[in-house]
Amino acid sequence: MSEKTKLSLAKETKQILQENGIILNKNLGQNYLIDDFKRKKIIKYAKLSKEDIVLEIGPGIGTLTIELAKNAKKVIAIEQDATIFNILKKRLEREGIDNIELINEDAVKVDFPEFNKIVSNLPYQISSPISFKFLKHKFDLAILMYQKEFADRMNGKVGTKQYSRLSAMLYFKADVKFLTKVSPESFIPSPKVDSSVIQLKPKDIKTIKIDGEEFKINDESYKIYSKVVKALFQHRNKKSKNALIDSRHMIGFKDKKELKSVLKHLEDKNPKFKELLLERTINLSPESIMELSILLKDHL
Ligand SMILES: C[S@@+](CC[C@H](N)C(=O)[O-])C[C@H]1O[C@@H](n2cnc3c(N)ncnc32)[C@H](O)[C@@H]1O
């Protein structure tokens with residue numbers, strides 16, 4: 001299409017959906033972006049070069065996909081909905097675009113091919129599993145649209161309402177940066193919620209200092225940290241000692257007495273441990289939770 005005859009994104013999207021008789025499916029998070037200004041911003045945030053291989057989850061009818069493909073070496077786009085997948089496949093054939101690998105699968109279940117960037121307007125119902133799946137892979141940068149509340153929790157700071165299990169889990173894995181808000185009118189159909197575009201940059205914190213001594217953060221310590229975080233955030237306003245006792249099954253204790261005696265033993269040995277156990281969960285920084293986890297490690 002020449003610049004002159006180019007339709008606005010809103011018109012183009014409505015036309016493609018209408019021509020194909022598509023009624024978008026809320027259960028699959030099918031809210032399609034129709035805001036050209038926000039689309040341009042998202043592409044710009046991705047700082048693409050012709051070396052980049054971009055993973056996109058949920059390409060829909062290609063709103064971001066085609067723009068990404070113009071600026072990157074290759075796009076790998078995973079779309080679950082077979083009807084939408086076929087519409088996009090035909091569109092790419094028609095437009096002669098050959099640097100997009102389309103995969104018709106559930107992105108939560110399928111293995112990802114190699115990529116170095118991720119750019120997606122995510123289906124919000126898979127925000128949590130897909131984000132943790134991303135973090136199991138090596139990549140340089142991700143530009144992702146989430147429901148605003150979810151994005152706020154990803155970025156939650158210690159002591160605030162937004163500080164959550166998600167914030168604590170992400171802390172050792174990625175730097176999270178808010179980029180821009182996107183309002184419901186930027187999509188069809190309009191969702192009931194605001195959205196936020198977030199930048200994720202993986203980080204690799206390998207050690208933590210406790211009382212001047214360096215401790216390794218490896219897969220094993222992160223696994224224990226995950227359990228402790230899960231147990232603590234079941235009771236975000238309780239003192240962490242009570243939170244751990246109340247959620248003891250999550251850290252592998254059936255018996256209340258047994259955990260209490262382990263905690264007492266550690267409190268007697270280490271005044272810092274005692275101090276941390278008196279803090280409420282929401283006031284414990286990720287470093288402090290890691291410290292608790294490392295001290296508890298030999299008893300879990
Ligand atoms: C929010 S829409 C985004 C569409 C398009 N990228 C845009 O920006 O307008 C999310 C897309 O993800 C697809 N989707 C939903 N669940 C999925 C899953 N588990 N795996 C892959 N795609 C999924 C939906 O069918 C939908 O096309």
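Predicted model: local features only at pLDDT ≥ 70, side-chain atom pairs only at ≥ 80, totals over all residues.

Reader: What makes H8 roughly perpendicular to H12?
Author: Helix H8 (residues 219-232) and helix H12 (residues 286-296) pack at an angle of about 115 degrees. Angles from 65 to 115 degrees count as roughly perpendicular. Therefore H8 is called roughly perpendicular to H12. Their axes are 9 Å apart.

Reader: Is the crossing of H8 and H12 left-handed or right-handed?
Author: The crossing of H8 and H12 is right-handed.

Reader: Which residues make that contact?
Author: H8 brings Ser221, Ile224, Tyr225, Val228, Val229 and Leu232. H12 brings Ile289, Met290, Leu292, Ser293, Ile294 and Leu296.

Reader: How many residues of each class are in the contact of H8 with H12?
Author: Ten are nonpolar, two are polar and none is charged. Tyr counts as nonpolar in this scheme.

Reader: What holds the two charged places in the contact of H10 with H11?
Author: Glu and Lys count as charged. The contact includes Glu267 of H10 and Lys274 of H11. Leu263 and Leu266 of H10 also take part, with Phe273 and Leu277 of H11. The division is four nonpolar, no polar and two charged.

Reader: How are the domains of the chain assigned, and where do they meet?
Author: The domain assignment gives domain 1 (3-202) and domain 2 (207-299). Their C-alpha centres lie 36 Å apart. Nine residues of domain 1 are in contact with eleven of domain 2. Contact here requires C-beta atoms within 7 Å. The domain 1 side has six nonpolar, two polar and one charged residues.

Reader: Which residues come nearest to the ligand?
Author: Of the 23 residues around the ligand, Gly58, Gly60, Ala107, Asn121 and Pro123 come nearest. The shell divides into twelve nonpolar, eight polar and three charged. Gly counts as polar here.

Reader: Which peptide bond is cis, and where is its proline?
Author: The cis bond joins isoleucine 188 and proline 189, with omega about -20 degrees. Proline 189 lies in the loop between strand E8 (187-188) and strand E9 (195-202).

Reader: What marks out lysine 47?
Author: Lysine 47 has a positive phi of about 45 degrees, although it is not a glycine. Lysine 47 is in the loop between helix H2 (36-45) and strand E2 (53-57).

Key. Residues numbered from 1 in each chain as written. Near = placed C-beta within 6 Å. Domains from an automatic or database assignment. Contact = placed C-beta atoms within 7 Å. Axes fitted to C-alpha atoms, helices over the stretch in contact; angles between N-to-C directions. Helix = DSSP H or I, 4+ residues; strand = E, 2+ residues; numbered from the N terminus. Parallel < 35°, antiparallel > 145°, perpendicular 65-115°, else oblique. Left-handed = near helix turned anticlockwise from the far one by under 90°.
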